[in-house]
Amino acid sequence: MTELVFLGGALGAGAALLAVMAWHERGPVDLQTVELRFDHDVTAAAVEAALGSIAGLPSQAVVLLDVKATETGLRHFLHAPQQTLDTLRSQWRGLIPGLRM
């Protein structure tokens, strides 16, 4: 599980940096926010596959992954335009069946 947290944090930081760079170049985008909640049995391979699906989005897509640490644990958020959220939700449903968005 520690590997999954580290992997998610590292990938989230990289994705956040890329999203900020893309947003800065293209101007403001109307981003919607959803919280990602994972079942306890999620595997690192499933999360890697889900994050890999972001690469298949159109080049103008903006996706920001955010991890916040609280006193009760880690919270994961996804920020993207509604159309991109809908696309990722349908793709990730098959890759991580226990994912709640």
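Is T84 buried or exposed, and what is its relative accessible area?

Author: T84 is buried, with a relative accessible area of 11%; buried means under 20% relative accessible area, exposed over 50%, and partly exposed in between, with a 1.4 Å probe and protein chains only. The model is a predicted one, in which local features need pLDDT of at least 70 and side-chain atom pairs count only at pLDDT 80 or more, while totals for chains, interfaces and linings use all residues. Residues are numbered from 1 along each chain as its sequence is written, and side-chain values use heavy atoms, with hydrogens and water left out.

T84 has its place in helix α3, residues 82–95. Helices (H or I, at least four residues) and strands (E, at least two) are DSSP runs, numbered from the N terminus. With residues up to four places away in sequence set aside, T84 touches L57, A61, V62 and V63; contact means heavy atoms within 4.5 Å.

The helix itself may be considered next. The 14 residues of α3 should span 20 Å at 1.5 Å a residue, and the end C-alpha atoms of α3 are 20 Å apart, which agrees; the expected span is 1.5 Å times one less than the number of residues. The buried residues of α3 are T84, L85, L88 and W92. They cover an arc of only 95° around the axis, which puts them on the same side of α3; the arc is that of the directions from the helix axis to the C-beta atoms. An α-helix has 3.6 residues a turn, so residues three or four places apart point the same way. On the other side of α3, Q83, R93 and G94 are exposed. The buried residues of α3, in turn, pack against β1, α2 and β3.

Two of those packing partners are strands. The sheet is open and has three strands in the order β1-β3-β2, paired antiparallel; two strands pair if DSSP finds at least two bridges between them. The edges are held by β1 (32–36) and β2 (64–70), each with a single partner strand, so one side of each has no neighbour in the sheet. From one strand to the next, the twist averages 30°. Five bridges pair β1 with strand β3 (residues 73–80) in the antiparallel sense. Helix α3 packs on the sheet, touching β1 and β3, and the direction of α3 makes about 125° with that of β3; axes are lines fitted to C-alpha atoms, for helices over the stretch in contact, and angles run from 0 to 180 degrees between N-to-C directions.

T33 stands opposite H79 in β3, and E35 has F77 of β3 as its bridge partner. On the side of β2, seven bridges join β2 to β3 in an antiparallel arrangement, and a hairpin of two residues connects β2 to β3. L64 has H79 in β3 as its bridge partner, and V67 has H76.

L78 lies in strand β3 and counts as buried, at 0% relative accessibility. Leaving out residues up to four places away in sequence, its contacts include V63, L85, L88 and W92. L78 and M101 are 23 residues apart in sequence, yet their C-alpha atoms are 8.7 Å apart in space.

In α2 the buried residues are A46, V47, A50 and L51. Seen down the axis of α2, they fall within an arc of 130°, so they line one face of the helix.

For the chain as a whole, there are three helices and three strands, which follow the pattern α-β-α-β-β-α along the sequence. Buried residues make up 31% of its 101 residues.
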